[in-house]
Every structure is written in C-alpha cells, then in structure tokens.
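Dear colleague,

My account of the findings follows it.

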6 protein chains.
Amino acid sequence: MLPNQMVKSMIGKVIKVEMKGEENSLVGRLESVDDYMNLHLSNAMEYKGSEKVRALGDIVLRGNNIILIQPYED
Amino acid sequence: MLPNQMVKSMIGKVIKVEMKGEENSLVGRLESVDDYMNLHLSNAMEYKGSEKVRALGDIVLRGNNIILIQPYED
Amino acid sequence: MLPNQMVKSMIGKVIKVEMKGEENSLVGRLESVDDYMNLHLSNAMEYKGSEKVRALGDIVLRGNNIILIQPYED
Amino acid sequence: MLPNQMVKSMIGKVIKVEMKGEENSLVGRLESVDDYMNLHLSNAMEYKGSEKVRALGDIVLRGNNIILIQPYED
Amino acid sequence: MLPNQMVKSMIGKVIKVEMKGEENSLVGRLESVDDYMNLHLSNAMEYKGSEKVRALGDIVLRGNNIILIQPYED
Amino acid sequence: MLPNQMVKSMIGKVIKVEMKGEENSLVGRLESVDDYMNLHLSNAMEYKGSEKVRALGDIVLRGNNIILIQPYED
C-alpha cells in the first residue's frame, strides 16, 4: 500500500498530524485527502503533547507542510 | 468534499490562515483561491492570538507556505 | 480575480513582500511576475517594520518563499 | 542506482529518517515509497540521538520534508 | 522581462544570493541558471554582511531555497 | 553547463552538501543524482565545520532541501 493509499485508508478515522515548524500537533477526523496530501479534518483539536490546547473545528492542512501522519489512539 | 473544494466553499466568508514560520495569524474575507491554494484576502487583519495587531487590507498569500485554513468565527 | 491575477494587476506599482524566515520586508516597484509568483522588483528597499534598512536596487524574489504580497502605501 | 531506486531497495528493511526542522529522527520498517519519496513506515520509533523516545506504530512521512534517509543498523 | 529572464541576463556577471535559513549570503560569478532557478556560481565567496567569511569556489545552489538574487556591486 | 549537469559531472567524486536547517554539512562520494537533485552518497560523513562528527555510510538526500553542493577538497 503506497503512502497516499495508506492515508486514504484513514478517511473517516481520527488521525494525528504534525506540521512543519509547529510545536503542537493536530488531531481530527479525516474527511478527505488529495494527491498533494492536503487534508480536511473535522472536529480538530490542537494538542501540546497529550494535553488538549484548543478546539479548531473544520480545518484544511496544506500537504507540503505535513511532517508526519498517524492513526490516533486516544 | 476534497480539501481544495472545502477552501473554495469559503469564498466570500471570513477565514483564518496560519502561515509557515509566522507567529501571528491572518484573518480576512476570502476573495479567491487557485489550485495551489494561493489565496486573495480582502480587509485582512493580522492577529496575535485573539488580539488585532495590524490592518493589512488586500493581501495575497502563497499557497505552499500555508499551514492551516479554517472558517473564522469572531 | 484569482490570486495570480491580483499580483499581475500590481505590475508598475509599489508592493511590499514578506519572505519566509526573514524578519524584514521588501518594498519595490513590481516589474514582472511569472506563474510561480517569482517577482522582479526595481528600486527595492529593505524595511524593518516601518524603518528603511538598505537600498537593494533590482532584485529577483523566488515565488515559493513568499509569504505575503500587498500593495504598498507610503 | 538512482536515489529513488536506492530508497526502494530498502523496502522491507529498517531505515532511519531525518525530517526538516525536527531534532529527533524516526526509525521504522519501510513498507512503501512513492515518486515523491513519501514513506510509509511500520513499527516506527522516535529517537533522540541513540535513545528511544516514543513508539509511533504506523506513520506516513511527507517526502518533501525529508532531509536524509539511511539504512538503520541497531 | 520576466524574473527568470532577469536572472539569465546576469549570466557572466557577479551576483549576490540569499538562501533560506542562512544568515550569510553568497557572492559569485553566475555561470548558469535553469528553469527552477538552480544556479551554478564560480569563484563563490560567503559573506557575513559586507565581510568575506570563506572562499567556496564552484557551487551549485538549489533554486527553491533561494530567497533573493541581485546584481553585486563591490 | 547547467546546474544539474554540473552536479552530474561530480558523480564518482567526493562532494560536500549543506542541507536546509542543518548546522552540519555532509561529505561523501556522489553515487547518483536525479532531476530533482536527490542525491545518493556513499561513505558519507557528517562534519561540524572542519571536524568529523559521525560516519553515516550510504545516505539519500532529498533534493528540495539542499542549499548548496560543492566539490570537496580535503
């Protein structure tokens, strides 16, 4: 399974994303992903380590600034 | 709805954008977006957290340096 | 008007550009722009906030490292 | 052997990856790689120097934010 | 004259280049440039402000990490 | 000679590479390079200034995160 297919397989599930140059990570339900790995997350939360910092709601993340994507386990 | 379509659905509305390597965020009315997620915002304001820092008027933001886009609720 | 057309509409006018990872901004007359938002500015000046730091003359700025472009009002 | 072929030759093996702007490195079994060097690693671990920091499980790494890939020898 | 043509017009001349995330700038004779603004400079010198730090000889600079290019006047 | 051809001409020779956001540089024998300037180096060493820090063996470097490539003279 190619990396992009791996990400697509997580649609509908909660994922954790680390963005370039950001200390905090983002956790939310993956609504969609395109070929550039741009992501649409719903019910997104900003986390500092394991602590919730802010509720963000719907967010779009720019694919080329993503460092790491992983399934999220609470 | 793919990430780019999600952004296009916000045209005419006020959005908040976080740019790479910038501490402050930008809030403005989304006038247009292209396939690279380059954005044209009008009546843009720079925010430091929830505090207005500067009025910027019309601005163009380069898509590949965007971290996060979200609908803005005052 | 798409973001790139917005930038093209500023040709011949003075613009202000913020570059990624640079504290200072650049102000100059926009001579040309291409599809990657690479810019050619003439009579460019480097500004630290509202203070002129250096005269740079003709400069070429790489589009993918641009954060923000706006019309400049003295 | 071109760089991308060199990476493909490591599929099924444990590799170490350094990402842009991240102090720690990532070690895991390379499951797949695409033409952009996006990577899927399984059983990934985060390392600070030679010390294990966190188990990450399955992760996807964005190719354009990779600095360096090397075979991992425990 | 488009930005890339402006750079091409400097072939054979001494230019100054600022790279992303680098405090020092690079000065050298522009030997060649391609469509990505990758540059080949000969007799390159590293400058910290107006002070020479190191002689580098022939160097290749990656276009997408260029911030600014300008003609160099000693 | 275009920048990419300049790099290709160094295949089989020892080169020094500076990567974005990395303080240290990498020195190794250039095995291959592709159109994105992704590099495969063998017998790579990490240098802090002129001091060897670590032996890295075979490494792949992502082209878009390269700042500077030069022939290495011991």
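**The contact between chains F and E**

About 1,600 Å² is buried between chain F and chain E, and carbon and sulfur atoms give 54% of that area. Please note that this is a predicted model. Chain F brings 20 residues to the contact, and chain E brings 19 residues. One salt bridge is counted between chain F and chain E. Its partners are E:Arg54 and F:Glu18, whose closest N and O atoms lie 3.5 Å apart.

**Symmetry of the copies**

Chain F is superposed on chain E by a rotation of 60 degrees, with 0.0 Å of shift along the axis and an RMSD of 0.0 Å. Within chain F, F:Gly21 has the C-alpha nearest that axis, at 6.3 Å. Chains F and E meet through different surfaces, because only 15% of the interface residues of chain F are also interface residues in chain E.

To place chain D on chain A, a rotation of 60 degrees is needed, with 0.0 Å of shift along its axis; the RMSD is 0.0 Å. This is the relation of a six-fold axis. The residue of chain D that comes closest to the rotation axis is D:Gly21, with its C-alpha at 6.3 Å. Here too the copies use different surfaces: 16% of the contact residues of chain D recur in chain A.

Which pairs of chains do not touch? Chain C and chain D are one such pair, with 13 Å between their nearest C-alpha atoms. Chain A and chain F are another, their nearest C-alpha atoms being 11 Å apart.

**The second largest pocket**

The volume of the second largest pocket is about 730 Å³. It is lined by 30 residues, of which C:Glu46, C:Arg54, E:Lys16, E:Glu18 and E:Ser25 are the closest to its centre. Two or more lining residues come from each of the following elements: strand 3 (39–48) and strand 4 (51–61) of chain C, and strand 1 (14–19), strand 2 (25–33), strand 3 (39–48) and strand 5 (66–71) of chain E. Strand 4 of chain C gives the most to this lining, namely six residues. By class, the lining of the second largest pocket comprises 12 charged, nine polar and nine nonpolar residues.

With kind regards

Notes. Residues are numbered from 1 along each chain as its sequence is written. Chains are lettered from A and ligands numbered from 1 in the order in which they are written. This is a predicted model: local features need pLDDT of at least 70, side-chain atom pairs count only at pLDDT 80 or more; totals for chains, interfaces and linings use all residues. Side-chain values use heavy atoms; hydrogens and water are left out. Copies are superposed by least squares on the C-alpha atoms of residues with pLDDT of at least 70 in both. Contact means heavy atoms within 4.5 Å. On a 1 Å grid over the protein atoms alone, a cavity is a set of points where a 1.4 Å probe fits but cannot get out, and a pocket is an open set with protein on both sides within 12 Å along at least five of seven lines; lining residues have an atom within 4 Å of a point. Grid points are joined across faces, edges and corners, and a volume is the space filled by probe spheres set on the points. Helices (H or I, at least four residues) and strands (E, at least two) are DSSP runs, numbered from the N terminus. Ala, Val, Leu, Ile, Met, Phe, Trp, Tyr, Cys and Pro count as nonpolar, Asp, Glu, Lys and Arg as charged, and the others, Gly among them, as polar. Buried area is the accessible area (1.4 Å probe) that two parts lose on being put together, summed over both. A salt bridge is a side-chain nitrogen of Lys or Arg within 4 Å of a carboxyl oxygen of Asp or Glu.
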